[in-house]
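Here are my notes on the model you sent over, point by point. Have the structure open while you read.

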Amino acid sequence: MNSKVSDFSFSIYRRSILTLHLVYLQGLGDESQGRLKHLVPSIGKFFTKLPLERAFYVQDEKRSISARRLVSPSFNDIRLILNTAQTMSLVGGREPLKLVTFDGDVTLYEDGMSLTPENPIVERLLFLLQNNIYVGIVTAAGYSEISGEKYEVRLKGLIDAVNDSEILTQTQKESLLVMGGESNFLFRFDSSTGHLKWIDPQEWTLPEIAHWSEEDIQEVLNIGQAVLENEKNKLNLPATILRKERGVGIIPLPGKKICRESLEEIVLTAQRKLETSAVGKKIHFCAFNGGADVWVDIGDKRLGVLSLQKYLNDINGFQTLHVGDQFASVGANDFKARLAACTVWIASPAETVDIIDELLAYLIEANMYSRVRKVSVIGDV
Ligand code: IMP
Ligand code: MG
């Protein structure tokens with residue numbers, strides 16, 4: 001290989017990454033002045049600095065990005081560099097990571113499946129708990145029964161592992177929470193029963209949603225349902241409509257599939273119809289494409305993550321990480337969590353395992369470093 005060419009191309013990558021870093025740092029300051037805000041007006045808030053150069057080196061080792069001659073850095077390269085940078089920045093600082101929230105489908109398990117005992121993510125989640133980090137599962141799946149039975153069935157591998165653990169303390173076990181239906185139903189692991197315990201909404205409901213009336217909520221769902229029914233007929237879909245307490249969905253009949261284009265058409269229609277309705281301006285809703293189905297839910301994952309933060313004694317966005325697969329800006333439901341917390345965007349449960357391994361490695365490194373620092377500080381005294 002021509003090493004001059006390779007050095008040259010590496011320096012270009014390095015410089016563009018450095019530029020990105022500077023631009024991001026500017027975005028951290030006054031939002032109206034930041035250059036990034038100027039270049040991308042829709043850019044959101046940055047909760048932490050992003051060590052993009054360091055992250056690039058890590059991903060370059062894995063993906064040989066700078067060694068490629070013909071294929072330029074891809075969307076996935078950038079997504080993974082940003083994920084690494086975000087996990088790096090969340091450990092070892094003065095404000096340690098306190099809460100990691102996970103989406104369910106496609107993030108913890110394959111779409112529509114459950115968390116089984118052999119899933120490699122289980123031991124990583126236990127390790128987070130062992131490090132005194134709260135673990136929250138923030139899923140759109142909405143089961144209103146206060147027994148929490150349906151969540152237990154879907155999360156059985158994890159619930160059993162937490163219950164059986166002889167390493168975790170009672171407090172660490174009770175640091176496992178489930179926020180279901182986007183932001184509608186909160187459960188916490190109860191170490192005295194070994195089951196999930198329903199938490200009264202009065203303990204965690206945010207002031208911004210406390211005044212929502214049941215009438216308005218049902219009106220949003222009625223509009224959503226009418227759109228789904230209309231689209232089902234118009235697009236001639238082999239599907240059925242399912243109405244729940246806090247959501248309404250269109251799901252394919254057994255053995256049938258709704259194509260991506262139809263799913264997107266339904267989401268965009270529901271979104272537009274609700275956005276322009278009077279009640280849609282009062283109640284937060286989330287219309288999203290679940291990959292095989294479309295849902296209109298009351299609430300969203302921003303509210304879900306914020307409610308958890310509030311319930312756990314006001315955890316900040318810069319001490320929270322949300323891991324999810326749906327971050328496209330239209331028709332995706334993890335996207336809203338970006339407004340409440342740091343995020344990493346994964347594409348499969350295997351990628352969730354990889355990013356949590358990275359996070360744990362940085363955590364162990366930071367703990368070792370802080371122990372060395374503590375020892376040397378004590379020695380200095
Ligand atoms: P998530 O990826 O964990 O947020 O789960 C999203 C998936 O949960 C959707 O694609 C649906 O298949 C399923 N689901 C089950 N019940 C509900 C509900 O009440 N609202 C939205 N999605 C639901
Ligand atoms: Mg998902």
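1. One term before the sheet comes up: two strands count as paired if DSSP finds at least two bridges between them. With that in hand, seven strands form an open sheet, in the order β5-β4-β3-β2-β1-β10-β11, and the pairing is mixed. At the edges sit β5 (195-198) and β11 (342-345), each of which pairs on one side only. Going from one strand to the next, the twist averages 25°.

2. Keep in mind that this is a predicted model. For the overall picture, the protein has 13 helices and 11 strands, and 40% of its 381 residues are buried. If you look at contacts between residues at least 6 apart in sequence, 68% of them join residues at least 24 apart.

3. Back to the sheet for one pairing in detail. Strand β3 (residues 176-180) and strand β4 (residues 185-190) run antiparallel to each other, with four bridges between them. If you want a pair to click on, take Val178, whose bridge partner in β4 is Phe187.

4. Over at the β11 end, have a look at helix α4 (residues 75-90). Helix α4 lies across β10 (320-324) and β11, and its angle to β11 is about 145°.

5. Last, the ligand. How many residues surround ligand 1, and which are the closest? There are 18 around ligand 1, with Gly104, Thr139, Ala140, Gly142 and Gly290 the closest. By type, the shell splits into nine polar, five charged and four nonpolar residues.

6. Where does that shell come from? Domain 2 (99-210 + 303-369) and domain 3 (214-298) each contribute at least three residues to the shell around ligand 1.

Methods. Residues numbered from 1 in each chain as written. Chains lettered and ligands numbered in written order. Predicted model: local features only at pLDDT ≥ 70, side-chain atom pairs only at ≥ 80, totals over all residues. Helix = DSSP H or I, 4+ residues; strand = E, 2+ residues; numbered from the N terminus. Buried ≥ 20, exposed ≤ 12 C-beta atoms within 10 Å, placed from the backbone. Contact = placed C-beta atoms within 7 Å. Axes fitted to C-alpha atoms, helices over the stretch in contact; angles between N-to-C directions. Near = placed C-beta within 6 Å. Nonpolar A, V, L, I, M, F, W, Y, C, P; charged D, E, K, R; others polar. Domains from an automatic or database assignment.
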